[in-house]
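Welcome, and take your time with the model below.

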Amino acid sequence: MSPVSSNAPHGQSPLRTVQVLGGGNAGSSAHVRSLAEGLVARGVRVTVCAPAEADRAYDFTGTGADHVHVPRSSDPASVAVLRAACADADLVHAHGLHASFRTVLALSGRGTPLVVTWHNRARAEGARAHLLRLLERRVVRTAAVVLGTTSDLVDRARRSGARDARLAAVALPGRRRRADQDEADQERHKLRAELGATGRPLLMAVGSLDRERGYDVLLDAARAWRGLDPVPLVVVAGEGPLRPGLQRRIEDEELPVRLVGRRDDVPELLAAADLALLTSRWESRSVLAQEALHAGVPLVATRVGGVPDLVGEAAELVPYGDAEALAAAVVRLLADPARRELLRERGPRQAATWPTEDETVAQVLSVYDELTQPTPLP
């Protein structure tokens, strides 16, 4: 068989890769889309294996990649579909623990190199936590290379037995910005009016309504903000299993909080906000934090996971689970225009230190080349 090459020089076949995505959070799905686009532009053949709804949301085929629908579940049928999709791949790259484990099953008995990216830490309690640890060990000991988006994820992979674990921070895909400032201002005022934030501060949180996001703490903090004049409005964009309980608390305690569901205009919502809030138990490279700093929106975030390294001095950090600290940080910022302006200036400067999409693709491609290029004779 002729050697493969990412650059496909004369006489060689183009590198054939499969990207495997499970349900996929916003960060990993956007990364796969960006990666597919960059790889295709460099002459690599790419197939994205992901649920059909992920392709509809992120348009993997719009990058020039092929798409194969693989359900989220790990039943034999989905593993068989994945195995067939990987049949002619030179290399397979799986994103996230569950997608990686299915890929390990699909590639069993084959010598196809497997690269795994961990975007987030898998979380569970009790017996399920033990099962996740077993899955992690199986995945990292099978993978040729494990890429972690934060140093603690890399350390976790090494402790689990990874042969080769490396830091590979992923870039936030570029956002289209309005060239017309007047148009942007009109959109901002329109959104604030729609949300009910005219004449009052708008605080924005984004993320699925699950236990890991710390929204119970956010609601605790919101009680303290009822005494401010004017009372700020907290808007939470996202859906999830905790919505009924959160909504009951908001109504019972008359909290200044609105749950607006899943939105496809998060960058515009953030641009309209006075502050962004990130209250999670753990984050790697939070999409919300990146969006906020890119847009120059002051951010208050929990000091967890990869957040401190990501934001540097460009955000206010508070301990996870401390509603008083969260409430106090917001009150201080709302009362201190100079501090807010400083954070607005620091945000884009910090964002400029993050890897670009081109740099991210180049790093991943160098790993692919290591695993697929023939070793030169001495």
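Asp59 sits in the loop between helix 2 (52-58) and strand 5 (66-69), where helices (H or I, at least four residues) and strands (E, at least two) are DSSP runs numbered from the N terminus. Although Asp59 is not a glycine, it has a positive phi of about 50°. Asp59 is partly exposed, at a relative accessible area of 36%; buried means under 20% relative accessible area, exposed over 50%, and partly exposed in between (1.4 Å probe, protein chains only).

A word on the source: this is a predicted model, in which local features need pLDDT of at least 70, side-chain atom pairs count only at pLDDT 80 or more, and totals for chains, interfaces and linings use all residues. Residues are numbered from 1 along each chain as its sequence is written, and side-chain values use heavy atoms, with hydrogens and water left out.

Glu254 also has a positive phi of about 50° without being a glycine. The loop that holds Glu254 runs between helix 9 (243-252) and strand 12 (257-261). Another loop, between helix 8 (215-225) and strand 11 (233-237), holds Pro230, and a cis peptide bond with omega of about 0° joins Asp229 and Pro230.

Here are the accessibilities of a few residues from around the model.

| Residue | Relative accessible area | Class |
|---|---|---|
| Thr112 | 18% | buried |
| Gly27 | 22% | partly exposed |
| Glu254 | 68% | exposed |
| Cys49 | 0% | buried |
| Cys86 | 0% | buried |

Thr112 belongs to the loop between helix 4 (97-106) and strand 7. Leaving aside neighbours within four places in sequence, Thr112 is in contact (heavy atoms within 4.5 Å) with Ala89, Asp90, Leu91, Val92 and Leu107.

Helix 4 itself is mostly covered, with 8 of its 10 residues buried. Among the buried ones are Leu97, Phe101 and Val104. Their cover includes strand 3 (16-21), helix 3 (76-85), strand 6 (91-95), strand 7 and helix 5.

What about helix 6 (residues 151-159)? Its buried residues include Leu153, Val154, Arg156 and Ala157. These cover an arc of only 160° around the axis, so they lie on the same side of helix 6; the arc is that of the directions from the helix axis to the C-beta atoms. Strand 7 (114-118), helix 5 (127-142), strand 8 (145-148) and strand 9 (165-167) are among the elements that cover them. Just after helix 6 comes Gly161, with a positive phi of about 105°.

Lastly, the cysteines. A search of the whole structure finds 0 disulfides, a disulfide being a pair of cysteine sulfur atoms within 2.5 Å. The sulfur of Cys49 has its closest cysteine sulfur in Cys86, 5.3 Å away, which is too far for a bond.
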